[in-house]
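Q: I have this model open and want to go through it. Can you take my questions as they come?

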Amino acid sequence: MSMPFEPFSYIGILAMALVTVCLRMTGYWIVGRFPLTPRFRRALEALPLALFAATIIPLAVKGGPAGWIATPIVAVAMLLTGKEAIALLVGVAVATIVRANGL
Amino acid sequence: MSTNPRLRTAHIPITARAAREGARMCLPYVPGFFIMGAAVGTFAAQKGLTLAEAVIMNALVCAAAAQMVALQMWPGEWNWLHVLAVAGVAFMVNMRFVLSGASLRPWLAPAPAGFVYPVLGVLTDQAWAASIRYNAEGGRDFGFVAGASIFLWLVWIAASLPGYFIGALIADPRVYGLDLLIAFTFMATLTPILRRSRDYLPFVVGGAVALAVSLVLDGFWFIPAGAVAGALAAAIVGPRR
């Protein structure tokens with residue numbers, strides 16, 4: 001597939017990259033501009049758990065039955081085996097089976 | 001790994017050994033990266049991107065979800081509004097990185113900025129999650145973050161090649177539950193952290209607020225909304241011990 005050179009396509013990619021790299025750096029930078037009070041520190045220490053939850057729960061709920069069934073199974077597989085690779089494999093397998101059955 | 005992560009010291013170690021450990025801890029994510037790479041590659045090929053464009057996009061943007069959403073609206077005929085639109089998608093989908101970066105500051109603050117910022121530039125969800133788990137288990141070495149981030153960045157670039165050519169095999173990522181892959185990855189990383197810390201408040205508040213926002217607002221606002229709410233709840237309620 002040979003396409004004519006499209007400079008705008010590269011400009012679009014560069015714009016996405018610039019925005020994304022800035023986002024990756026600004027949070028870290030901003031936090032450094034403020035004194036780390038005990039309360040602020042507690043918020044930052046809780047942030048990862050809150051960010052995990054804020055991503056997992058809506059995605060799993062909106063993913064339909066595959067999300068509702070497979071996501072808790074990933075947690076169980078992780079508790080039983082302690083291996084992320086196995087937990088991820090089980091999650092994808094369960095989701096594939098649920099979706100293959102038209103749910 | 002016996003150091004208390006809450007202990008503040010003037011220096012943190014930066015070793016190659018921790019970098020290797022970071023890369024090794026991210027090995028379980030490699031198959032998922034290649035499968036996501038195939039999904040992204042499919043859209044790239046369908047939208048007429050050249051192989052060079054697809055590789056450069058993976059290398060510079062390095063964010064699967066944002067790339068997928070942007071590629072679904074990738075225009076054939078460009079103008080500046082389209083540039084603004086794809087940059088807007090990158091902003092919306094990747095806002096969470098502001099928070100993941102912020103959460104690393106208390107740990108990484110003593111490390112030289114010249115090391116930290118380049119690594120943050122290629123930080124992925126998985127590298128962040130592995131680093132948070134390492135730190136929760138007492139690890140303090142910045143090398144871990146660098147090793148995990150750079151390793152997964154290289155994997156994502158490599159994933160663009162087979163993805164572009166054989167991506168058509170995965171025409172619909174939903175069939176294999178790939179729309180849920182990030183939820184699975186975070187669930188797998190979170191489980192041992194939560195079991196260890198027994199700190200359920202930010203999880204419950206963050207999840208509930210995010211779910212409520214996701215039902216009301218389109219887009220990805222639910223992630224920053226829930227994350228900030230969960231962190232604020234923990235700050236207001238105060239120490240558990």
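Q: How many residues line the largest pocket, and which lie nearest its centre?

A: The lining has 44 residues, and Met36(B), Ala65(B), Leu178(B), Asp179(B) and Ile182(B) lie nearest the centre. A pocket is an open set of points on a 1 Å grid over the protein atoms alone, where a 1.4 Å probe fits, with protein on both sides within 12 Å along at least five of seven lines; lining residues have an atom within 4 Å of a point. This is a predicted model, where local features need pLDDT of at least 70 and side-chain atom pairs 80 or more, while totals for chains, interfaces and linings use all residues. Residues are numbered from 1 along each chain as its sequence is written, and chains are lettered from A in the order written.

Q: What volume does the largest pocket have?

A: About 1,100 Å³, taken as the space filled by probe spheres set on the points.

Q: How do the lining residues divide?

A: Into 28 nonpolar, 8 polar and 8 charged.

Q: Switching to helices: at what angle do H3(B) and H9(B) cross?

A: The axes of H3 (residues 51-60) and H9 (residues 142-166) of chain B cross at roughly 155 degrees and come within 8 Å. That makes H3(B) roughly antiparallel to H9(B), the term for angles over 145 degrees. Axes are lines fitted to C-alpha atoms over the stretch in contact, with angles from 0 to 180 degrees between N-to-C directions. Helices are DSSP runs (H or I) of at least four residues.

Q: Which H3(B) residues meet H9(B)?

A: Leu51(B), Ala54(B), Val55(B), Asn58(B) and Ala59(B), with contact meaning heavy atoms within 4.5 Å.

Notes:
Side-chain values use heavy atoms; hydrogens and water are left out. Ala, Val, Leu, Ile, Met, Phe, Trp, Tyr, Cys and Pro count as nonpolar, Asp, Glu, Lys and Arg as charged, and the others, Gly among them, as polar. Helices (H or I, at least four residues) and strands (E, at least two) are DSSP runs, numbered from the N terminus. Angles under 35 degrees count as roughly parallel, over 145 as roughly antiparallel, 65 to 115 as roughly perpendicular and the rest as oblique.
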